[in-house]
Amino acid sequence: KFLSLESELAYSKNDINTFSRYDAKDDNSFAGRAKLKGNIPLSKDSIPKWVLRTTAGIEARDSNFNPIENYRSVEFDRDWNTRNKGFRGNEVASNLGFDFRRKKYGNINIEGQHYIIGGDYEGLRGALNGQWHQKGFQGILDASYLSSKAADRNEFVRHRSEFSQSIGWFKIGYKDDHELNRYTSNVLDPISYQFFDYQVYLANSDSIKNQYRVFYRERYDKKSDSTRLTPVAKARSIGGEVKFTQWKRQKLNFITSYRELRIQNPNLIAQAPENTLLGRIEHELKILKGALTLNTFYEVGSGLELKREFLYIQVNDGQGIYTWIDYNGDGVKDLNEFEIAQFVDQASYIRVFTPSNEYVKTFSNEYNQSIHWRPDRIWASKKGFLKLLSRFSDQARVRINRKTNTFDGVDAFNPFRSAIGD
């Protein structure tokens, strides 16, 4: 009554060279899995409040099995730290789980897992996840610990959580994301890292049509210096979002944030300190029974980006784009002395961009406007010329991107200003 058994067997044939009779022993392969599930009431009520849902499963497949499409979870190789590692061998994965479920409130799930890939990899993983809703409180947790052995030993700790409490029209919340990924052999591998990202926020409750949210966020990053994980960067952000959804024919969103990044160890991270400002407005308007739809998007921002440096390289005559004109007669090829060649035989240089370690401040903005006209919404039942027009639709879009490294007041965020200084 409380137990169920699921099983599945698969066969694949992947003949890399159909026209050859040799080396065909790896063409055929098999895989199989089985899962046993059980529901155990934890009370004697006719409808028990607490139920324990147990799960035991095993999966096996040989090294040459080639599924038509991926049947595992998207984060499977990420959970086991096997992504892009090239491990080969027969695979065996097993798990045992206990899910405590409380009617109307939520669940708490505890699971143990084991995974082997031939002789290349072996891992043990413990997971804890669940969610809970009660009297305005909401909580979500997803945590795991992995210990694996391959060429290096690996410890992988990660968790994501979010907790909030509704108080009248308000909701106060906390959200975080943490990962600690250590690879060790004789030393701490340079790819080891740790980050902790958390935020606190104040938002409206779900009962209010319009939505608003303000938040404060911090992120800490650490990287390996071969002996330990050393702090390398700290970022702080503050921002807000407002969504007006109570109108019948239009929607309006405002988003803004400010981010400050501080570099604590420039020897371990190739990034510069920066202060970033971002603002966005999105508006959608539908009129004439939805026949005319207008979408407006406007975004402004400021930050740092790598300075682009370039040099001119001489090539065979006629194979380049630029020519050199020695304006000052000093025989030195200055960057401002190269022009686009007027004649093919003078095109002896090409321009090549080179990487730079210097960052420059930039101010950017983007404007998007779209218009969608669908006359069938209002003229489909008409006759004559209007009926003919209802068979057509039209869509127009305009997009403007502007970026400058000079702050000239409001003009720095004006997408329609075409004049850009040298």
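Colleague: Is Trp-247 buried, partly exposed or exposed?

Modeller: Trp-247 is partly exposed, at 36% relative accessible area. Buried means under 20%, exposed over 50%, and partly exposed in between, with a 1.4 Å probe and protein chains only. This is a predicted model: local features need pLDDT of at least 70, side-chain atom pairs count only at pLDDT 80 or more, and totals for chains, interfaces and linings use all residues. Residues are numbered from 1 along each chain as its sequence is written, and side-chain values use heavy atoms, leaving out hydrogens and water.

Colleague: How many aromatic pairs does the structure hold?

Modeller: A pair of aromatic rings is described by the distance of the centres and the angle of the planes. Rings of Phe, Tyr and Trp (its six-membered ring) pair if their centres lie within 6.5 Å; planes under 30 degrees apart are stacked, over 60 edge-to-face, the rest tilted. The structure holds 21 such pairs. In one of them, Phe-244 and Trp-247 are stacked, with 5.5 Å between centres and 20° between planes. Phe-244 is partly exposed, at 24%.

Colleague: Which residues form one aromatic cluster?

Modeller: Phe-310, Tyr-312, Tyr-322, Phe-338, Tyr-349 and Phe-353 form one.

Colleague: Which ring does the charged end of Lys-333 sit over?

Modeller: A charge sits over a ring if NZ of Lys or CZ of Arg is within 6 Å of the ring centre and within 35 degrees of the ring normal. The charged end of Lys-333 sits over Trp-324, 5.5 Å from the ring centre. Arg-219 lies over the face of Phe-195, at 4.3 Å from the ring centre.
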